[in-house]
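Me: Hi! I have a structure open on my screen and would like to walk through it with you. Could we take it piece by piece?

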Amino acid sequence: MSDSTPRRLAVGVEIGGTFTDLVAIGPDGVRVAKVPSTPARPDEAVFDVLDAAGLNPSDIAEFVHGSTVATNAVLERKGARLALLATEGFRDVLILGRQDRLRLFDLRYRRPKPLVAREDSLGVPERMLADGSTLTPFDAEAFAPRLAAFLDRGRYDAVAICLLNAYANPAHEQALAALVRRIAPGLRVTCSHEVTGEFREYERASTTALSAYVQPVLDAYLGRMEQRLEAGGFRGELSVMQSGGGRVPAAAMRRNAASALLSGPAAGVMGAVRQAAQSGVRDIITLDIGGTSADVALVEAGRPAMTRDALVDGLVVQMPMLDITTVGAGGGSIAWVDEGGMLRVGPRSAGADPGPACYGRGDTQPTLTDAHVIAGRIPSGKRLAGGLVMDGAAARAAFAPLAAQLGLSVESAADSVVRIAVASVVAAVRLVSTERGHDPRSFVLVPYGGAGPLHAAAVAEELGIARVLVPPGAGVLSAYGLLAADHSLFAARTRRLTIAPGAAAEVRQEIAALRSDLAGRFDALGVAGDRRLEVTLDMRLLGQAFEIGVPLPAEALETLDEAALLAGFAAAHERIYRAPVDTARRPVEVVSYRVALHAARAALPGLAGPRRLDGQGDGPLLIEDATATIWVPPGWTAAEDAAGNLLLTRAP
Amino acid sequence: MTAISPADQAVIGQALLSAAREMGAKLCRSAFSPIVRDAKDASTGLMDATGAAVVQSDELIPVLVGSLSVTLRRCMQAVPPETLREGDFYLTNHPYHGAHHLQDILVFMPAFVDGRIIAYAAAVAHHLDVGGGAPGLNSSATDLYGEGLILPPARWNFARDWQDGNLRTLIGANIRVPDQTLGDIESQFAACFTGIARLRELCARHGTATVEAAMAGQIAYVERRVRAAVAALPDGTYVGEDFVDDDGAGSGPLRVRATVTVAGDSLAVDFAGSAPQVRTHMNAPYASVVSGTLAALKSFLTTDDVPFNEGAARAVTITVPEGTLLNPRFPAPVRARMEATYRAHDAVLKALGAAVPERAVATGFDTTTAFCLSHLQDGRYRVFIELRDGGYGAHAGADGCDAITGPLSNCTNVPVEAIDADHDFFRIEAFALLPGTGGRGQHRGGNGSIRRYRILRDGVRLAIYTDRFRVAAEGLMGGEPGALGGCVIRRGAEKISVRSKDDVVLRAGDVLEMWTGGGGGYGPPDARPDALLAADARLAQEP
């Protein structure tokens, strides 16, 4: 391949907890590869998988990467030595947070360890007000000696700046950043108004600190990878995945790292969206089951549901991100009987190494994968993707004590374990669908990950979902998703505005400003492609404490007027609260603007592999492809369509 | 009873719990009042045909744990379930019939399957205003009538009485913010309908008999786990005591005493010896004490994967003498029941700690601080309410948690930037941790925090109820008590003390400081390792 197709390949490499996957797409078609991950030095596996695929960096025109490097830096607290500068009187913002707990009924509760210790935070004499006016001016000259002493004492790698009301007026943050750079030219400085333009100081400060904390780690990692790729002759474009489901050039991510947090599961969702679209299916629920957990997301009309904040190791990050729900049910989840006699599955997992008992590496605890081996859905004695041979006797031996404890046969204990795991996944699907006002029955379930296609039909059955679409290469769909994703930039800004005559013009202006800001950043990064704008306004009745997201159709932006704004709010309000709202009687305000600019990726072939099924197959039926095992239960039929997707349909 | 397989038990049990959670999510997301939406002061659950709680949403606040059955059974006594028809529901907020205070309105809706009631869906929410002598909080009420509209346990019909108006109109006419309150009650109905729909789906899929067996099995399961945990405690009688500062009208401290008797796998809690009821709204009704007690037992005895239900109540007997602070006689007011409920919670924990000293946790600040600033401007009231934090007690393994919401609640604070944008009659000037307020010890108690408010207009009114201005959170095993909370007004050179239950008119230029106290320490202070002392010093360091 190296000789025949120089520099024309698009390559996606996704590092997962267990495996590192590759999908390469070129004029000659698609190739995939899978190698074990190397958690201690994650980039090793990137070059391992290139080797495994027989690719040379010089073959690659476009390299897209997904990793959990940023998230892991937080989990392991291996980021920058960080200082916080906050408005005087409020330097404890990261310690005090919102005062709520992540777990109830826990008298020994401990807060997640903050990224900045109290002694590493300094109050700054200044105060902006909510309207952007200055209450206490910032006097840089007067403050300089205190700041210099503080920075000198701390020997920091980086400084996070979060001043009150900087979302309304960043002048003090800018002046303070300039002062830091003057006093300590080598320090990395991250200002809150550059990370997110939204109000609520704890959430903004936490996001800013997280960004500043992981930035040096991510910068070094991407720098190292770029260097090694270039040494191998790579001259193409390197981009990375963001938690919002779009990608950005690595250069942008190296400067602002917050959007890399929680980007791990995003690529798979984008891959599922693109692959389902090849079959004309646009309303889907994605189901990724790996070794330790299951990730579920809902996609309506090809647009994944988004959320505006999430937790990384208990710390708030406020960024547009895909709304993904995770439950601790994966192939390695261990089955056990608790002290009340209840059969449980997970959340403990045998992981990838030693892995389930059937891997034959010495673990003897019964897992979900063992249950499938016992049931014959994973063939015993056969070599699977990734090179493992399943040891059926070891699986049965692991289940024997559990079966005895329950007074069941080994087969029936295994069947029970599968049913319980399926029930956990069903609960997660309910969370993203029925709990958010969507009927799962009007969606198609799209499973991927090593164990997704094995469980999908059973999950669908419980939810009354009639169709399951199994993409080809379900085991490497995340890597494909990296290539399938658009380039995306996101911006959010709090600007409160009551809807009154003239307000629509201001709204249009604000959106235009955000759009041109994002477009300018795309231009500076050299990102081409058709651009598409997505706008959501956070609105509420005046006096309400909570905003609701009101999506504005891009085509209506030009002619947007006050009536349209109120109508959009009323519709969103009714959908969420199921109660009409009288916007004629009660004033409505815009609180924040959220804007996404996408640069469409050029046409991309599907992930079609060798045909998996000729004609139609009726369950019970086991179908294997190179990366996954697909279970078609009794009462279901399977057929492969022109796009290479396997469509499972429940008999009516 | 139908025998049930382990898989059916686990699968249906999990589906019931996720139905209760889904009901809770639906209720909170669609509610209007921030008390429900943000503070999650609400609860949802499914009860069996006898009124026994099977599952309760475990993601809402702890203070409502375990009391839904108490209320439903009072409703079933008032109106026999045999007389209920499809579309009927029970509704009440009566604290002398199982509710916590009038602000909590409970709805129970029967789930009919094949023409008979197999279960009830329950939803309770704290409402912003239920009428009464003052908006939201009437601290001068001398009886229940002054605290709001009383809705006794009664049967109503959704189509006839709610959708077509009678009950809806009656409630709406007696409350100050009818849009919000009626909207929130509607969210409760929506939650109940969701629960019933899930229950019917389960019956259709698994068979009604199997679902009923799974409900019974779920209760038996929790009873086994709670009994196993109780059996691990040494038999004996253990006493714990704590005090509410005062009743807000000059009398106090008010004793709360819990006697816990462990006999084999049964546990009894008796609050005999607690203070007589008071004339102000500091009384806690029986249901609140049941919840406070069960929450203490849940956090002390079991891991967080035990979903409490009727099974816990079967292993535990709770006795509260009538006429006391913890079980007042009608019509004593009960609005501010949280302080006495917290002391009941703390007294039970102290008794349990005496039973198993190595697992004991020192007492926390454990106080509801309701802090309200209001101002009448151009004929319109502007109201700001927030709930504050406090330090947790230390234990043998670690220091107590700093400045965090009380164990029976999970309320967030209000962002300073939101206050800056919404209120022009005051401004927050500082919000800081208070190192040194946690009780000293080998492990120190959690620290409290201070918030400083500058008043910008004349005539701003402060209404506050809180506790532990006089009686500190005790230390354990030689650990010292946590610091007290407090509140002062700085007016020029003058310093005016504010009581823990108070109502004060402020002037422009006043600076108001309100600080929360710390949790108790654990173990002798001189046993604290040098590394931790150095960490304390760093925490206290002002740059």
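Me: Let's start with helix α15 of chain A. How many residues does it have, and how far does it reach?
Reply: Helix α15 of chain A covers residues 503-525, which makes 23 residues. From its first C-alpha to its last it reaches 33 Å, close to the 33 Å expected at 1.5 Å a residue. Keep in mind that this is a predicted model.

Me: Which residues of α15(A) are buried?
Reply: They are A:V507, A:I511, A:L514, A:L518 and A:F522.

Me: And what comes just after α15(A)?
Reply: There you find A:G526, with a positive phi of about 70 degrees.

Me: Okay, new topic. How is chain A divided into domains?
Reply: The assignment gives domain 1 (1-68), domain 2 (75-217), domain 3 (267-329 + 422-483 + 612-650), domain 4 (333-420) and domain 5 (488-599).

Me: How many Å separate the centres of domain 1 and domain 3 of chain A?
Reply: Taken over C-alpha atoms, the centres are 24 Å apart. Domain 1 of chain A puts 16 residues into the contact, and domain 3 of chain A puts in 13 residues.

Me: Which elements of domain 1 of chain A give two or more residues to that side?
Reply: Those are the strands β1 (9-15), β2 (19-26), β3 (29-36) and β4 (60-66) of chain A. By class, the domain 1 side has seven nonpolar, six polar and three charged residues.

Me: I also see an open sheet in chain A. What is the strand order?
Reply: The four strands run β6-β5-β9-β10 in chain A, with parallel pairing. At the edges sit β6 (121-124) and β10 (188-191) of chain A, and each pairs on one side only. From one strand to the next, the twist averages 20 degrees.

Me: How many bridges are there between β5 and β6 of chain A?
Reply: Four bridges, in the parallel sense, with β5 of chain A spanning residues 82-87. Within that pair, A:L84 stands opposite A:S121 in β6(A).

Me: What does α7(A) touch when it packs on the sheet?
Reply: Helix α7(A) touches β5, β9 (158-162) and β10 of chain A. The direction of α7(A) makes about 165 degrees with that of β9(A).

Me: I clicked on A:A212. Where is that residue found?
Reply: A:A212 belongs to helix α7 of chain A, which covers residues 201-231.

Me: Why does A:A212 count as buried?
Reply: Because A:A212 has 32 C-beta neighbours inside 10 Å, and the cut-off for buried is 20 or more.

Me: What is A:A212 in contact with, leaving aside neighbours within four places in sequence?
Reply: The contacts are A:A80, A:L82, A:A158, A:A160, A:R188 and A:T190.

Me: Over to chain B. Which way do the side chains point along strand β10?
Reply: They alternate along β10 (residues 316-319) of chain B.

Me: How many bridges join β9 to β10 in chain B?
Reply: Four, and the two strands run parallel, with β9 of chain B covering residues 266-270. In that pairing B:A268 stands opposite B:T317.

Me: I'm curious about B:R528. Where does that one lie?
Reply: B:R528 is in the loop between β19 (511-515) and α12 of chain B.

Me: Buried or exposed?
Reply: B:R528 is buried, because 20 other C-beta atoms lie within 10 Å. Not counting residues up to four places away in sequence, B:R528 touches B:G441, B:Q442 and B:L533.

Me: Last one, the contact between the two chains. How many residues does each chain give?
Reply: Chain B gives 57 residues and chain A gives 51 residues. On the chain B side, α1(B) provides the largest share, eleven residues.

Me: What is the make-up of that chain B side by class?
Reply: On the side of chain B that touches chain A there are 30 nonpolar, 14 polar and 13 charged residues.

Note on methods: Residues are numbered from 1 along each chain as its sequence is written. Chains are lettered from A and ligands numbered from 1 in the order in which they are written. This is a predicted model: local features need pLDDT of at least 70, side-chain atom pairs count only at pLDDT 80 or more; totals for chains, interfaces and linings use all residues. Two residues are in contact if their C-beta atoms, placed from the backbone, lie within 7 Å. Ala, Val, Leu, Ile, Met, Phe, Trp, Tyr, Cys and Pro count as nonpolar, Asp, Glu, Lys and Arg as charged, and the others, Gly among them, as polar. A residue is buried if 20 or more other C-beta atoms lie within 10 Å of its own, exposed if 12 or fewer, and partly exposed in between; C-beta atoms are placed from the backbone. Domain bounds come from an automatic or database domain assignment. Two strands pair if DSSP finds at least two bridges between them. Axes are lines fitted to C-alpha atoms, for helices over the stretch in contact, and angles run from 0 to 180 degrees between N-to-C directions. The expected span of a helix is 1.5 Å times one less than its number of residues.
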